[in-house]
Amino acid sequence: MISGLKKSDYIPLIRRALAEDLGKNGDITSRSIFTGKEKAVFTLLAKDDGVLCGAEVFTEVFRRLDKKAKVEWYLKDGDSLAKGTVVARVSGKLVAILSGERTALNLVSHLSAVATKARRFARTAGDKPVVLDTRKTVPGLRMLQKYAVRTGGAMNHRIGLFDMILIKDNHVDAAGGIVTAVSRARKRWGNTFKIEVETRSLDEVRQALEAKADRIMLDNMDNAQMKKAVELIAGKAETEASGNMTLERLMTLGETGVDFVSFGELTHTVQVFDFSLKQESTE
């Protein structure tokens, strides 16, 4: 079961996106050619193989422009898509469909691309390590992109700066050391939030263990170093691989014993999934 979206995660975004596209004059092309009374049915077609994500968001775009618009889905978020599959049918006012087409396609195409990539990475990893995303998301799209990652079968790291403590190299250097940084965080928040520490060497791993971090990030380490670090940690903290991670390298990470691996590219580097929305009939 995919953890769902809240309307507040996407309705403000849709409003901004439509306002950006329609401006003060609306779709001047469609409004000049059609009366606004015409009805139409359009077909959403998958033009590649992948994972569907963003059905609810796609539907909402058209309902913002035509309250009576209907989108009939033949698949749901998380379902596999095959090239040539009819995914949905959109019916309603022709001008509304034409006016919302690009916004709706942009959103469902991007989210399906993220979900598709997340599934490929999660299946490559198998049961371990667990594939995580990062905060490297498009501003304003984070909740949708995080949802797409879950839809694909990977997991979310922290959502933002507010729900998990991640002490990174800049924090450590400015505080004067890992133990000091973790101690200050514990003093401020107690055990309210999980504390993760980024480490760059086995010596820093030892410091993170001394500080009793909940999770230790092994940053930019090769597999041999990570294996030594995992052995050193010996289950006293969770472990996460990060930095210079690739799909090819993911295939070998299981042998290190690391618990998690995070990929910024799940959200910041995706090839847009190809859909087409074509008219089927008009009234």
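This report describes the overall build, pockets, core and selected local features of a predicted model.

## Basis and overall build

The model is predicted, so local features need pLDDT of at least 70 and side-chain atom pairs count only at pLDDT 80 or more, while totals for chains, interfaces and linings use all residues. Residues are numbered from 1 along each chain as its sequence is written, and side-chain values use heavy atoms, with hydrogens and water left out.

The protein has eleven helices and twelve strands. These are DSSP runs, numbered from the N terminus: helices are H or I with at least four residues, and strands are E with at least two. The C-alpha atoms fill a box of roughly 70 × 35 × 25 Å along the principal axes. Of the 283 residues, 51% are buried. Buried means under 20% relative accessible area, exposed means over 50%, and partly exposed lies in between (1.4 Å probe, protein chains only). Among contacts between residues at least 6 apart in sequence, 69% join residues at least 24 apart. A contact means heavy atoms within 4.5 Å.

## The largest pocket

The largest pocket holds about 410 Å³ of space. A pocket is an open set of points on a 1 Å grid over the protein atoms alone, where a 1.4 Å probe fits, with protein on both sides within 12 Å along at least five of seven lines; lining residues have an atom within 4 Å of a point. Grid points are joined across faces, edges and corners, and the volume is the space filled by probe spheres set on the points.

The lining of the largest pocket has 21 residues. Thr134, Lys136, Lys168, Ser242 and Ser262 lie nearest the centre. Strand S9 (215-219), strand S10 (238-242) and helix H11 (265-268) each supply at least two lining residues. By class, the lining has four nonpolar, eight polar and nine charged residues. Ala, Val, Leu, Ile, Met, Phe, Trp, Tyr, Cys and Pro count as nonpolar, Asp, Glu, Lys and Arg as charged, and the others, Gly among them, as polar.

## The second largest pocket

The second largest pocket holds about 270 Å³ of space. Its lining has 16 residues, and Ile165, Leu166, Ile167, His171 and Ala185 are the closest to its centre. Strand S7 (165-167), helix H6 (169-175) and helix H7 (178-189) each supply at least two. H7 gives the most, with four residues. Eleven lining residues are nonpolar, one is polar and four are charged.

## The nonpolar core

The largest nonpolar core has 78 residues. Such a core is a set of buried Ala, Val, Leu, Ile, Met, Phe, Trp, Tyr and Cys residues joined through side-chain atoms within 4.5 Å. Phe58, Leu218 and Phe275 touch the most other members. Helix H4 (residues 94-125) gives the most to this core, with 13 residues.

Beyond its neighbours within four places in sequence, Phe58 contacts Leu44, Val71, Trp73, Val90, Ala104, Leu105, Val108 and Leu277. H4 also holds Asn106, which is partly exposed at 43% relative accessible area. The C-alpha atoms of Asn106 and Phe273 are 9.3 Å apart, although 167 residues separate them along the chain.

## Enclosed elements

Strand S8 (residues 195-199) is largely enclosed by the rest of the structure, because five of its five residues are buried. Ile195, Val197 and Thr199 lie on one side, with Glu196 and Glu198 on the other. S8 pairs in the parallel sense with S7 over three bridges and with S9 over four. Two strands pair if DSSP finds at least two bridges between them. Ile165 stands opposite Ile195 in S8, and Glu198 has Met217 in S9 as its bridge partner.

Helix H5 (residues 142-152) is also largely enclosed, because eight of its eleven residues are buried. Among them are Leu144, Tyr147 and Val149. Its cover includes helix H1 (7-22), strand S2 (50-51), helix H3 (55-65), H4 and H11. Gly153 follows H5 and has a positive phi, near 105°.

## Backbone details

A cis peptide bond joins Lys128 and Pro129, with omega about 0°. Pro129 sits in the loop between H4 and strand S6 (130-132).

Asn220 is not a glycine, yet has a positive phi of about 55°. Its place is the loop between S9 and helix H9 (223-233). Ala234, in the loop between H9 and S10, has a positive phi of about 50°. At 53% relative accessibility, Ala234 counts as exposed, while Asn220 is partly exposed at 43%.
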